[in-house]
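Open the model in your viewer and keep the selection tool ready. This tour goes stop by stop.

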Amino acid sequence: MSGIRQFRWADYDRVVAVWRESGIDVLSRAELEAKLERDPELFLVAESGTDIAGVVLGTYDGRRGWIFRLGVHPGHRRRGIATRLVAELEKRLHALNCPRINLLVLPDNDAGLRFWQSLGYLPCPDVLCSKPLPAPTPNNLSS
């Protein structure tokens, strides 16, 4: 592995390929642009030569850090890339004085849960509630 660095727009297509190969939902360019306005230093890629081998998307709202969309291309798995991506993201969140990091694991993802537990992340009995909001339109943006 060549190293871990911050995402650049030139990486987008290769990041999308990693997410797709990993079975992870792809963020649209518009969603990613909005995220990158807030904390671009928390979107990381792992390089292997000219390939993007892995990716992790972190956010920080000033109270909690979140980890989303950690993925390693199947051709690069079992080499510690995910662990190194998470370690670098944790380091960056710590530098922002983030006191706690949260993430979501789907209930049927046993391997994912084992991975996160091996890094010290413990399941919480919280109940996830979610409500999709309508897409913004020009009429409701100025309200």
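Which residue in strand 4 does Gly-58 stand opposite? Select Gly-58, and the residue facing it in strand 4 is Ile-67. Keep in mind throughout that this is a predicted model.

**Stop 1**

**Stop 1: strand 3 and its partners**

Select residues 51-60, which make up strand 3. Of its 10 residues, 9 are buried, so strand 3 is largely enclosed by the rest of the structure.

Strand 3 and strand 4 run antiparallel and are joined by 6 bridges. Pick Gly-54: its bridge partner in strand 4 is Val-72. Then follow the hairpin of strand 3 and strand 4, which has 4 residues between the strands. Gly-62 takes a positive phi there, near 95°.

Switch to strand 2. Strand 2 and strand 3 also pair over 6 bridges, in the antiparallel sense. Select Glu-47 and find Ile-52 opposite, in strand 3. The hairpin of strand 2 and strand 3 has 2 residues between the strands. In this hairpin Gly-49 has a positive phi near 65°.

**Stop 2: helices against the sheet**

**Stop 3**

Which residues of helix 1 are buried? Select Tyr-12, Val-15, Val-16, Val-18 and Trp-19. Look down the axis of helix 1: these buried residues fall within an arc of 160°, so they line one face. What covers them includes helix 2, strand 2, strand 3 and strand 4. Turn to the other side of helix 1, where Asp-13 and Arg-20 are exposed. Then step just past the end of helix 1. Gly-23 takes a positive phi of about 75°.

**Stop 4: aromatic rings**

The whole structure holds 7 aromatic pairs. Start with Phe-7 and Phe-43. Their ring centres are 4.4 Å apart and their planes are at 25°, so the pair is stacked. Phe-7 is in the loop between strand 1 (3-6) and helix 1 (12-21), while Phe-43 is in strand 2 (residues 43-48), so the pair ties together parts 36 residues apart in sequence.

Move to Trp-9 and Tyr-12. This aromatic pair is tilted, at 5.9 Å centre to centre with 40° between the planes. Trp-9 is partly exposed at 35% relative accessibility, whereas Tyr-12 is buried at 9%. Now show Phe-7, Trp-9, Tyr-12, Trp-19 and Phe-43 together: they form one aromatic cluster.

**Stop 5: charged pairs**

Side chains of opposite charge can pair when their charged atoms come close. A search of the whole structure finds 7 salt bridges.

Select Asp-11. Another links Asp-11 to Arg-14, with the closest N and O atoms 2.9 Å apart. Asp-11 and Arg-5 are both buried, while Arg-14 is partly exposed at 32% relative accessible area. Arg-5, Asp-11, Arg-14 and Glu-47 are linked in a network of salt bridges.

Finish on helix 3. Glu-88 forms a salt bridge with Lys-91, the closest N and O atoms being 3.4 Å apart. Why are Glu-88 and Lys-91 separated by about one helical turn? They are 3 residues apart in helix 3, and that spacing is about one turn. Glu-88 is buried at 17% relative accessible area, and Lys-91 is exposed at 54%.

Notes
Residues numbered from 1 in each chain as written. Predicted model: local features only at pLDDT ≥ 70, side-chain atom pairs only at ≥ 80, totals over all residues. Heavy atoms only, no water. Phe/Tyr/Trp six-rings, centres within 6.5 Å; stacked < 30°, edge-to-face > 60°. Buried < 20%, exposed > 50% of the residue type's maximum accessible area, 1.4 Å probe, protein only. Pairing = 2+ DSSP bridges. Arc of directions from axis to C-beta. Contact = heavy atoms within 4.5 Å. Salt bridge = Lys/Arg side-chain N within 4 Å of Asp/Glu carboxyl O.
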